[in-house]
Structures are given as structure tokens and as C-alpha cells.
Amino acid sequence: MEAIIMPVVVLGITGVLMGLFLAFASKKFEVEVDPKVEAILAVLPGANCGACGFPGCAGYAAGVALEGAKMTLCAPGGPKVAAKIGDIMGVAVEMPVKKKPAAKKPVEKKVVQTGEPISASQEFIEKNKRMLMKFKDAFDAGDKEGYEKLENLAKMAKKEELLKFYEEIKAGKIVPDPATMVDSPVAKEEAPKVETKVGDSKKQEAAYCSTLGDGLCVPEQNEKTKEELKKQAEPPKTAEGTEKDK
């Protein structure tokens, strides 16, 4: 009986001594943990994804509390976890706003002006100068909405000629100052001179008198010649006119 009791007593005493030693060692070599680390670890999602750049959530909690790491690095937790970490650390946390890249506007090729005037007349430019210049200014400035609005107005008003000159402006032609324009004069066709028989009679009369010599034109003969020439100048009578004379 004694052989059984003695080993049990020895083992019991040894166990108590080892327990006391371990308790003493744990107190002696205890590593103090910052309570903030534990508090931060408690609010983290525990995903241990490593997206923050630290080895797991415990490493990130220690990095924030002891190393001053950024409090906005936990991607799974997002703004809510960052705000909680800020409350623990006593700091207001602002999440960085990601700016969307600005959409690149298509670069429109600038139309090189040719220096040639549009093919409109001086009168047309004087009447529509305001619309033409407004269209040109909008086109040169790249205001697509502005010059397309003017085109639509011209289409609604069915001003085809104005649309034609808009296209010429787009091609690089300029709107000249109507004050400096000179319209090419239109040559007037002269009506062919028709010499009447009356004119011929006067010429013949003058020729008749000149052949007799100055002051020698016989009045009777001159009157007779006038009557003959007058008859020649009259249009031929129709059959009805002849019957009336009879």
C-alpha cells in the first residue's frame, strides 16, 4: 500500500512545485500589451487578408497603436472600421476620396483659314452679317453646341443659301466686310439700234437738198420728196384698210 501512496504523493508535490514555478515565470517574463492594440484588434473584421501591408489583423493593430500606421488601410472594414479606430486613438479620421479620372475631351482639329471669302454677294452679307459672324466665332472657338444650334435654326427656316455659306466657313473661308466688297458690275446689254424709216427719210431729205447746193433746195420738190418718203415709211395696208379707203 505504501508503495502506491508514495509515488502519488511525490507526483503531487512535483506538480504543485512546477505550477508555482510557471506562475512565477509568467509574471517575471510577462510582456505588456498596449490596451489600444487589443481594442483595435477587437474592431477589425479578422479577415487577415494582408491588404493593409501587415501580417494579419494583429500585426495591423500593433502597427496602428505602436508604429503610427495609417488608420484607413483596412479595405474590408472600410470607413466604419477606420472611424472606430480613430475613436480608440482619439483622432478624427477622414477617408481619402478617390477622384475619378477626368474624361478626355476629343481634340478637334483646327480648320486652317484659307483667307478666301465666302461666295456670298455684298447684299447677302449685309443682311445676314450678324448670323454669319456669330456662326464663325462659335466655330473658331470650338463651341459645337453653339454653331450646331445656328445650323438647326437655318434648317428650320429653310435658308438653304445660309447653310451653304456655313459649310464654306467650316472649310476655312472668311466672312468679308461688306463695306470693302465691290460687286462686279453686270454689263447691260444694249438694245440694238433700229433705224426707223423716218430717220432714213430725214437723211434722204438732207442728201437731196445737199445735192442741189446750199440755198438751192426747191421747196416744192422738197415737199414732194417728203410725201414720197412718208408713204414709204408707212406700213403696207391690209385688204380691210384698202376697202375702208375706197
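**Reading the labels**

Analyst: Gladly! Let us begin with the largest cavity: 13 residues line it, and those nearest its centre are Asn48, Cys49, Cys52, Cys57 and Cys74. Please keep in mind that this is a predicted model. The volume of the largest cavity is about 80 Å³.

User: What makes the largest cavity count under a rule of 30 Å³ or more?

Analyst: Its volume of about 80 Å³ is set against the cut-off of 30 Å³ or more, and by that rule the count comes to one cavity.

User: Why is Asn48 called exposed?

Analyst: Exposed means over 50% relative accessible area. Asn48 has 51%, so the label exposed applies. Asn48 sits in the loop between H2 and helix H3, and its phi is positive, about 50 degrees, although Asn48 is not a glycine.

User: Why is Val43 called partly exposed?

Analyst: Buried means under 20% and exposed over 50%, with partly exposed in between. Val43 has a relative accessibility of 25%, so it counts as partly exposed. Val43 belongs to helix H2. Beyond its neighbours within four places in sequence, Val43 is in contact with Val81, Lys84, Ile85 and Ile88. Between the C-alpha atoms of Val43 and Lys84 there are 7.2 Å, while the sequence separates them by 41 residues.

User: How do you know that Asp177 and Lys129 form a salt bridge?

Analyst: The nitrogen of Lys must be within 4 Å of a carboxyl oxygen of Asp. For Asp177 and Lys129, the closest N and O atoms are 3.7 Å apart, so the pair is a salt bridge. The pair links distant parts of the chain, with Asp177 in the loop between H7 and helix H8 and Lys129 in helix H5, 48 residues apart.

User: What makes Lys136 buried, and what is its salt-bridge partner?

Analyst: Lys136 is at 10% relative accessibility, and buried means under 20%, so Lys136 counts as buried. Its partner is Asp140, at 2.8 Å from N to O. Both lie in helix H5, four residues apart, about one turn of the helix. Asp140 counts as partly exposed because its relative accessibility is 46%.

User: Why does the pair of Glu151 and Lys170 tie together parts that are 19 residues apart in sequence?

Analyst: Their salt bridge has its closest N and O atoms 2.7 Å apart. Glu151 lies in helix H6 and Lys170 in helix H7, so the pair ties those parts together.

Note on methods: Residues numbered from 1 in each chain as written. Predicted model: local features only at pLDDT ≥ 70, side-chain atom pairs only at ≥ 80, totals over all residues. Heavy atoms only, no water. Helix = DSSP H or I, 4+ residues; strand = E, 2+ residues; numbered from the N terminus. Buried < 20%, exposed > 50% of the residue type's maximum accessible area, 1.4 Å probe, protein only. Contact = heavy atoms within 4.5 Å. 1 Å grid on protein atoms, 1.4 Å probe; cavity = no way out; pocket = protein on both sides within 12 Å on 5 of 7 lines; lining within 4 Å. Points joined across faces, edges and corners; volume = space filled by probe spheres on them. Salt bridge = Lys/Arg side-chain N within 4 Å of Asp/Glu carboxyl O.
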